[in-house]
Amino acid sequence: MSSHYDVIILGAGSMGMAAGYYLSKQGVKTLLIDAFDPPHVYGSHHGDTRIIRHAYGEGRQYVPLALRAQALWNELEQESGQTLFSQTGVLSVGDRNSKFVNETIASARKYDLPLEVLGSEEIQRRWPGIKIPEHFIGSLETSSGVLFVEDCIRAYRQLAEQSGATLLCNTPAENVEIDQHGVTVQTKDGRYSADKLIVSSGAWTGKLLSSLQLPLQPLRKTIAWFDADEKLYQSSLFPAFIFDLPTERYYGFPSIDGSGVKLGRMDTGEMVDPDHINRDFGIYPEDEGDVRRFLETYMPAAAGKLNKGRVCLFTMTPDEDFIIDRHPEYSHVSIAGGFSGHGFKFASVIGEILCQLAMNGRTEHPISGFSISRPAIGQPSLGMN
């Protein structure tokens with residue numbers, strides 16, 4: 001294989017694989033290097049499904065990117081001929097003072113998105129599998145739903161390789177050298193050089209860019225599937241959901257093809273080194289205990305037998321917003337990281353953004369809020385948006 005490329009991508013998970021697709025589609029000579037064989041179970045993109053929301057409780061600045069991401073996922077579905085998205089709708093629930101639910105409602109109003117605001121009685125009438133207090137409210141976005149994550153990555157991978165991208169799997173980057181003229185990546189299989197570099201290595205991004213001392217903290221997270229009453233929770237009847245409780249936040253999925261209700265907890269998590277993480281589900285009581293207690297309280301007919309559990313990684317920034325920017329010293333290096341547990345839905349548009357940054361030095365998309373120079377990150381920046 002060749003040793004010099006136009007662009008090298010370190011990390012071919014969700015964002016990196018999407019970027020590889022968009023670059024190769026434009027005829028850019030692209031090498032994707034991954035320590036594993038994507039899709040795989042060692043990062044943040046496994047577990048069958050992820051929610052995609054357009055109205056956005058984490059901040060209305062995400063809405064334009066979410067809408068573009070959905071359009072690109074739809075295009076990928078058409079081009080690949082695969083089912084990548086299920087329009088289950090997304091229900092967000094919390095008490096009347098929930099910042100998350102109220103921001104979801106506000107973002108829908110700002111961008112004129114279809115959203116129903118519901119009281120607790122109406123929520124329980126529509127979905128008898130939910131039990132909530134009288135002071136809870138909810139918002140239902142019917143145009144949103146669920147992405148099938150591994151299938152999304154496989155589709156991008158297949159199409160990228162068909163367009164000429166080279167993928168080097170099971171090959172960790174042993175050393176990365178950057179200078180004003182380009183980059184060189186050393187692996188066990190040899191040295192590869194390129195004019196441009198994209199770093200999108202998930203929980204390993206901080207290690208690969210150690211000189212920047214980015215405040216990226218990997219967390220060990222778990223998800224679990226439980227036997228549930230299919231008459232209440234099957235995906236044709238029940239939406240994907242988020243519950244923003246006063247001291248906890250949970251996210252979950254209806255039973256898809258009889259898999260059972262899937263549930264995870266957004267907040268908390270054990271700080272870990274991604275190279276030294278125990279991936280055995282159940283080693284801590286809270287692996288199952290937290291999500292089971294939630295189901296017993298709010299969805300008791302879904303608190304059945306544990307079907308399976310999985311361990312994954314979140315990579316957190318201090319403010320839980322992403323980093324999408326160019327390197328503060330080397331303008332030919334683009335960085336995408338710190339997706340803080342809510343990034344996968346944006347992988348399609350972030351791939352497009354990374355392609356634009358690499359080839360044009362700027363992007364048409366609004367990413368100034370994800371600057372590497374913002375106070376929470378504390379790095380000087382080129383200021384290219």
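Tutor: Happy to! First, a term: a cavity is a set of grid points where a 1.4 Å probe fits but cannot get out. Also keep in mind that this is a predicted model.

Student: Okay, how many cavities of 30 Å³ or more are there?
Tutor: The count comes to 1 cavity of 30 Å³ or more.

Student: And what volume does the largest cavity have?
Tutor: The largest cavity has a volume of about 30 Å³.

Student: Which residues line the largest cavity?
Tutor: Its lining is made up of Arg 53, Ala 55, Val 90, Ser 92, Thr 104, Leu 115, Ser 139 and Glu 141. By class, that lining has 3 nonpolar, 3 polar and 2 charged residues.

Student: Which strands supply at least two residues each there?
Tutor: Strand S5 (90-95) and strand S7 (136-141) do that for the largest cavity.

Student: Switching to pockets: what is the volume of the largest pocket?
Tutor: The largest pocket comes to about 890 Å³. It is lined by 50 residues, and the closest to its centre are Gly 43, Ser 44, His 45, Gly 202 and Ala 203.

Student: Which helices and strands each supply at least two residues of that pocket's lining?
Tutor: The helices are H1 (14-25) and H6 (205-208), and the strands are S3 (49-52), S15 (249-253) and S18 (306-316).

Student: Where does the largest share come from?
Tutor: S18 gives the largest share of the largest pocket's lining, with 4 residues.

Student: Last one: how does the pocket lining split by class?
Tutor: The largest pocket's lining has 24 nonpolar, 18 polar and 8 charged residues.

Key. Residues numbered from 1 in each chain as written. Predicted model: local features only at pLDDT ≥ 70, side-chain atom pairs only at ≥ 80, totals over all residues. Heavy atoms only, no water. 1 Å grid on protein atoms, 1.4 Å probe; cavity = no way out; pocket = protein on both sides within 12 Å on 5 of 7 lines; lining within 4 Å. Points joined across faces, edges and corners; volume = space filled by probe spheres on them. Nonpolar A, V, L, I, M, F, W, Y, C, P; charged D, E, K, R; others polar.
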